[in-house]
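Work through the following exercises with the sequence and the model side by side, trying each task before reading its solution.

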Amino acid sequence: MTMTDPVADYLTHIRNGLSAHKRWVDIPSSNMKKRISLILKEEKYIEDFFFISDGNKEKIRVFLKYDYQNNPVIEHIKRISTPGNRIFVGAEQVPRVLDGLGISILSTSKGVLSNKTAAKLNVGGELLCEVF
């Protein structure tokens, strides 16, 4: 069975792991998912991630982050642009999530970037997801 939206699958793995209070989740790897994981780590929404080689398949093990009261750090993680409804924004229209408290992740000509980095580089692109 082929997967039609790997980014939505990645976000669903994280959302389900957080609701089940898992320490980590294993997700099939791709370059896009690696870059999204790096952004989530840089913005301190996940603890860490590393790669697991399972024969010829590679997986990403994402360590989920909780606060001191054992509540998930990620309250909301949502796919914005879908394969059936692509949403593109220009450099001046890159959205701020919760007035800067959250992030949105974009696929740009400079790679997969957070909205903060895209604004600094003055680039727009496809709006992948938002996190807060």
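Helices (H or I, at least four residues) and strands (E, at least two) are DSSP runs, numbered from the N terminus. The model is a predicted one, in which local features need pLDDT of at least 70, side-chain atom pairs count only at pLDDT 80 or more, and totals for chains, interfaces and linings use all residues. Residues are numbered from 1 along each chain as its sequence is written, and side-chain values use heavy atoms, with hydrogens and water left out.

**Exercise 1.** Locate K44 and decide whether K44 is buried or exposed.

Solution. Begin with the loop between α2 (31–42) and β2 (46–54), where K44 is placed. Next, look at the backbone, where K44 has a positive phi of about 65° although it is not a glycine. Most residues other than glycine have a negative phi. Finally, buried means under 20% relative accessible area, exposed over 50% and partly exposed in between (1.4 Å probe, protein chains only), so K44, at 54% relative accessibility, counts as exposed.

**Exercise 2.** Classify the ring pair of F50 and F63.

Solution. Rings of Phe, Tyr and Trp (its six-membered ring) pair if their centres lie within 6.5 Å, and planes under 30 degrees apart count as stacked, over 60 as edge-to-face and the rest as tilted. By this rule there are 3 aromatic pairs. For F50 and F63 the centres are 5.5 Å apart and the planes stand at 35°, so the pair is tilted. The pair links distant parts of the chain, with F50 in strand β2 and F63 in strand β3 (residues 57–64), 13 residues apart.
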